[in-house]
Amino acid sequence: MTTPAPPEREPAHIVVVGGGPGGYEAALVAGSLGARVTVVERQGLGGAAVLTDVVPSKTLIATAEWMTIADRAPELGIRLTDEAAKRDLTVDLRAVNQRVLELAEAQSADIRGRLVREGIEIVSGTGRLDGKSRVVVEPEDGGEPRVLHADTVLLALGATPRILPTAVPDGERILTWTQMYNLDELPEKLIVVGSGVTGAEFAGAYNALGSDVVLVSSRDRVLPGEDEDAAELLEGVFRSRGMTVLSRTRAEAAVRTDDGVAVTLSDGRVVHGSHVLVAVGGVPNTEGVGLEEAGVTLTASGHVEVDKVSRTSARGVYAAGDCTGVLPLASVAAMQGRIAMQHALGDGVAPLRLGTVASNIFTAPEIATVGYSEDALKKQGSRYITTTLPLARNPRAKMLGIRDGFVKLFAHPEAGVVLGGVVVAPRAGEHIFPITLAVRHRLTVEDVAASFTIYPSLSGTTAEAARVLDARVQER
């Protein structure tokens, strides 16, 4: 007598709420592991990272970089042959922003196409939890809600710009960073409130494009959370390019005037401009979507509390990306999403390790970091050695006309293990990778110093810094 084969189990149903990097990367992993996957997205695939944040801002910055390069051309011996025809370069902001938005839409379409090819269902609408295993989707067109039953839910809800009640955006003169791409003309005088990453990036970009820029910083310097030497160098570059940096003062209010805006500062001064960008952080999109009712614990700031494998406090519910407040980076969101699905579906998984995350600030020059910062090493009482080498003495940098920038490495004084690094340079986000590998694999400065580099190359300075530290390790 033949024993009948057991019935095949239905594949697990994964419902992903949010189609940003954390959401779509999770969906792809879940699909590859045999799950049935539904992605709920109200804005468009790619989420804010693709449509209103990372992709648009970095495209704008890449455009502004061409203006910076053009400014340096005379130093390299490049001249117009017809001096009578000489004129300043001008920026057609309408065309720039049209290209920015077209590229963002194209990237979103590419992501949608990839998900569709992988057999992933995409549902347009706003998703909210109704218990731990039900997601109710409200269609954008106001139709009947759809109920999705899930074995596992991943929340990739994202975040939106923080709004100051005394500086409410109007989309015309008082703006958030998502509204900057609606401008048709270059702001004559742009006031940027907030000197964190977003504020510094937009301030630098619009300064390069030709706007008069005033950057308002509540701290002693721009980029208060970054490496002090890097931040001081960048602030010096900003000032040398004509930007006004107002430190140790807060913006109390911003109001429309007849021909622009007036921003009142905490020290009593009033700064007048044509436009103001309010870049004072983001707020997680966790309100009103049934999280606490489903047993999902939120932090005091409204972020979803997760562990190292992206689990929330509610069984079967995971979260990834800016809504978790772990690190507001697309790369971290994507990794959280991948880890969540590997864990939920029983695949081999390594917990999230923030110590190996590389990040980049897309100013000119860029600031890239990985591993322990100097501030963290000091605060935890770690023993370390460090060296900083300026790029100005690098032969490749001289050829390219690069004067501003450096490479800084941190290492253990006896073992020589690379603990972290900072690169300040054009395209620093590309140059940080060898240091990232060193931190990730616990390489020593001797390992880095003994590796070949191209001559001439900017990465030669990384090897040189490693040789300096290796010599100090060998002396001990």
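User: How do the residues of the lining of the second largest pocket divide into nonpolar, polar and charged?

Analyst: This is a predicted model. In it, the lining of the second largest pocket comprises 19 nonpolar, 12 polar and 13 charged residues. The volume of this pocket is about 1,000 Å³. Among the 44 lining residues, Glu65, Thr363, Ala364, Pro365 and Pro426 are the closest to the centre.

User: Which elements give two or more residues to the lining of the second largest pocket, and which gives the most?

Analyst: The elements with two or more lining residues are α3 (54-72), α5 (197-209), α6 (228-240), β19, α9 (395-400), α10 (428-431) and α11 (433-440). The largest contribution is that of α3, with 10 residues.

User: What makes a space a cavity, and how many of 30 Å³ or more does a search of the whole structure find?

Analyst: A space is called a cavity because a 1.4 Å probe fits there but cannot get out. The search of the whole structure finds one cavity of 30 Å³ or more. The largest cavity has a volume of about 40 Å³. Its lining consists of Leu391, Val407, Val423, Ala425, His431, Leu458, Ser459 and Thr462. Two or more of the lining residues come from each of β23 (418-425) and α13 (459-475).

User: How many nonpolar, polar and charged residues does the lining of the largest cavity have?

Analyst: By class, five are nonpolar, three are polar and none is charged.

User: What makes strand β1 (residues 13-17) mostly covered?

Analyst: Five of the five residues of β1 are buried. In a regular strand, side chains alternate between the two faces of the sheet. In β1, His13, Val15 and Val17 are on one side, Ile14 and Val16 are on the other, and all are buried, so both faces are covered.

User: How do you know that β1 and strand β2 (residues 36-41) pair?

Analyst: Two strands pair if there are at least two bridges between them. β1 and β2 have five bridges, in the parallel sense, and therefore meet that condition. The bridge partner of Val15 in β2 is Thr38.

User: Why are β13 (251-256) and β15 (270-273) said to stand at the edges?

Analyst: The open sheet to which they belong has three strands, in the order β13-β14-β15, with antiparallel pairing. β13 and β15 each have a single partner strand, so one side of each lacks a neighbour in the sheet. Neighbouring strands of this sheet are turned by 20 degrees against each other on average, direction ignored. Strand β14 (residues 261-265) pairs with β15 in the antiparallel sense over four bridges, and Val263 has Val271 in β15 as its bridge partner.

User: Which are the edge strands of the open sheet of five strands, and on how many sides do they pair?

Analyst: That sheet has the order β19-β20-β23-β22-β21, and its pairing is antiparallel. The edge strands are β19 (358-361) and β21 (385-390), each of which pairs on one side only. The twist from one strand to the next averages 10 degrees.

User: What joins β19 to β20, and over how many bridges do they pair?

Analyst: A hairpin joins β19 to β20 through four residues. β19 and strand β20 (residues 366-371) pair in the antiparallel sense over four bridges. Ala358 stands opposite Val370 in β20, and Ile361 stands opposite Ile367 in β20.

Notes: Residues numbered from 1 in each chain as written. Predicted model: local features only at pLDDT ≥ 70, side-chain atom pairs only at ≥ 80, totals over all residues. Heavy atoms only, no water. Axes fitted to C-alpha atoms, helices over the stretch in contact; angles between N-to-C directions. 1 Å grid on protein atoms, 1.4 Å probe; cavity = no way out; pocket = protein on both sides within 12 Å on 5 of 7 lines; lining within 4 Å. Points joined across faces, edges and corners; volume = space filled by probe spheres on them. Nonpolar A, V, L, I, M, F, W, Y, C, P; charged D, E, K, R; others polar. Buried < 20%, exposed > 50% of the residue type's maximum accessible area, 1.4 Å probe, protein only.
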